[in-house]
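I opened this notebook to keep track of what I looked up in the structure, entry by entry.

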Amino acid sequence: MKLQSQIPMHIPVLLEEVIHALEVRPGGSYIDCTVGGGGHAAAILERSSPGGQLLGIDIDPQAIAVARERLSPYGGAAILINDDFQNLEHICSNLGFYPIDGILFDLGVSSLQLADMRRGFSFQFDSPLDMRFNPSQELTAATILNNFSKDDLAAIIQRYGQEPKSRHIARSIVRSRPLSTTLQLAAVVERAVGTRRKIHPATRTFQALRIAVNQELERLEAALKQAISLLGSGGRLVVIAFHSLEDRLVKDCLRRESRDCLCPPQTPVCVCGHQATLKLIIKKALTPSPAEIEANPRSRSARMRVAERI
Ligand SMILES: C[S@@+](CC[C@H](N)C(=O)[O-])C[C@H]1O[C@@H](n2cnc3c(N)ncnc32)[C@H](O)[C@@H]1O
């Protein structure tokens, strides 16, 4: 089946920066926890040849099918697994995939998923309110929108969308039930908040629902801990986030793990015994150049953080 020709390409963001940060070298072993369309993975395989290996994971079976075709020239050097990255330790122990020189997370939704009219990630066209990365999961955006209480909806939209008008939106959603398509939802939000905004009025609500449907923050937190413990000494962890909640979680995790003591500042002697497991390679997040943003506007909100296993 010719998958590549039917689906738009996903342009990997910060590609050269990722390869540099991972210190990809021939013979190295790498994990791409969000293999998606296989763009970063192909570059890692290219630079780790000869003798390199890449384990690519994605929760979306369609992404794995696209990556499989894209990475077929690399034969057995690419191992692809359709699973949740929060099962990282389990996946590596099943495959005996150790030691690991570098782990990449390129979070969020791919252009392939955004452009797929059946998935409901975009309000550019009318789709069912799905938003699942994993199509066999039960919870969809429609379930949340049509069944959760007004207060729970407002909390989701406020927390994950950082939407100041979350209560207005939740009230309008409840009044407009049942909702079944993305354009219906976008219109309801627009009516609730008005159109005088820099971004589309429904952007924050769609982000919030996607995060809630896919439990993105909880899964990421669990996976980061495992990734750190799986890296060999000197191994690199690279994480690209696309919104501030995700980036804050990554920043806090990497900062915490790069400190020897987590006791409150006024504690005279350390009682926590925490030992740093990471060294921060860059103190501030790296962002795409203006040229990259111009060539690939989707990259504009990317923030990349890098740490090294001690
Ligand atoms: C931005 S895309 C990655 C694109 C990829 N770097 C490339 O170059 O094509 C993010 C991918 O992460 C996947 N994903 C999201 N949550 C996941 C999870 N919990 N476990 C595994 N994959 C996940 C999505 O299905 C999506 O394909």
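What follows are my notes on the domains, the ligand shell, some helices and a few backbone details.

**Entry 1: model and domains.** I am working with a predicted model, and I began with its division into domains. The protein chain is split into domain 1, which takes in 3-112 + 216-309, and domain 2, which covers 138-213. Taken over C-alpha atoms, the centres of domain 1 and domain 2 are 30 Å apart. I then looked up the contact between them, to which domain 1 gives five residues and domain 2 gives four residues. On the side of domain 1 that touches domain 2, I noted three nonpolar residues, one polar and one charged.

**Entry 2: the ligand shell.** Which residues come nearest to the ligand? Of the 22 residues around the ligand, the nearest are Pro 12, Thr 34, Gly 36, Gly 37 and Gly 39. Sorted by class, this shell holds 11 polar, six nonpolar and five charged residues. Among the elements that contribute, helix H3 (39-48) and strand E2 (53-58) each supply at least two residues of the shell.

**Entry 3: helix H2.** In helix H2, which runs over residues 15-22, I found Glu 17, Val 18, Ile 19, Ala 21 and Leu 22 buried. The cover over these buried residues includes strand E1 (29-32), H3, E4, E5 and strand E7 (303-309); H3 is also one of the elements that supply residues of the ligand shell. After H2 comes Glu 23, and its phi is positive, near 50°.

**Entry 4: helix H11.** The buried residues run through Arg 204, Thr 205, Phe 206, Gln 207, Ala 208, Leu 209, Arg 210, Ile 211, Ala 212 and Val 213. What covers them includes helix H7 (141-147), helix H8 (150-161), helix H9 (166-175), helix H10 (182-193) and helix H12 (216-230). Just after H11, Gln 215 adopts a positive phi of about 45°.

**Entry 5: Ile 211.** I picked out Ile 211 within helix H11 and asked why it counts as buried. With 21 other C-beta atoms within 10 Å, Ile 211 is buried, because the cut-off for a buried residue is 20 or more. Leaving aside neighbours within four places in sequence, I found Ile 211 in contact with Tyr 160, Glu 216 and Leu 217. I also looked up Gln 124, which is 87 residues from Ile 211 along the chain, and the C-alpha atoms of the two are separated by 19 Å.

**Entry 6: helix H12.** Does the length of H12 agree or disagree with what its residue count should give? At 1.5 Å a residue, its 15 residues should span 21 Å, and the end C-alpha atoms are 21 Å apart, which agrees. Its buried residues are Glu 216, Leu 220, Ala 223, Leu 224, Ala 227 and Leu 230. Viewed down the axis of H12, these buried residues fall within an arc of 130°, so they line one face of the helix. On the other side of H12, Glu 218 and Ser 229 are exposed. The buried residues of H12 pack against helix H5 (88-95), strand E4 (100-106), H11, strand E5 (231-241) and helix H13 (244-257).

**Entry 7: cis peptide bonds.** The bond from Tyr 98 to Pro 99 is cis, with omega near -20°, and Pro 99 sits in the loop between H5 and E4. A cis peptide bond also joins Arg 177 and Pro 178, with omega about 0°, and Pro 178 is in the loop between H9 and H10.

**Entry 8: positive phi in loops.** Met 131 is not a glycine, yet its phi is positive, about 70°; Met 131 belongs to the loop between helix H6 (111-115) and H7. Is Met 131 buried or exposed? Met 131 counts as buried, because it has 25 C-beta neighbours inside 10 Å. Gln 162, also not a glycine, has a positive phi of about 45° and is found in the loop between H8 and H9. With 14 other C-beta atoms within 10 Å, Gln 162 is partly exposed.

How values were computed
Residues are numbered from 1 along each chain as its sequence is written. This is a predicted model: local features need pLDDT of at least 70, side-chain atom pairs count only at pLDDT 80 or more; totals for chains, interfaces and linings use all residues. A residue is near a molecule or strand if its C-beta atom, placed from the backbone, lies within 6 Å of it. Helices (H or I, at least four residues) and strands (E, at least two) are DSSP runs, numbered from the N terminus. Ala, Val, Leu, Ile, Met, Phe, Trp, Tyr, Cys and Pro count as nonpolar, Asp, Glu, Lys and Arg as charged, and the others, Gly among them, as polar. Domain bounds come from an automatic or database domain assignment. Two residues are in contact if their C-beta atoms, placed from the backbone, lie within 7 Å. A residue is buried if 20 or more other C-beta atoms lie within 10 Å of its own, exposed if 12 or fewer, and partly exposed in between; C-beta atoms are placed from the backbone. The expected span of a helix is 1.5 Å times one less than its number of residues. The arc is that of the directions from the helix axis to the C-beta atoms.
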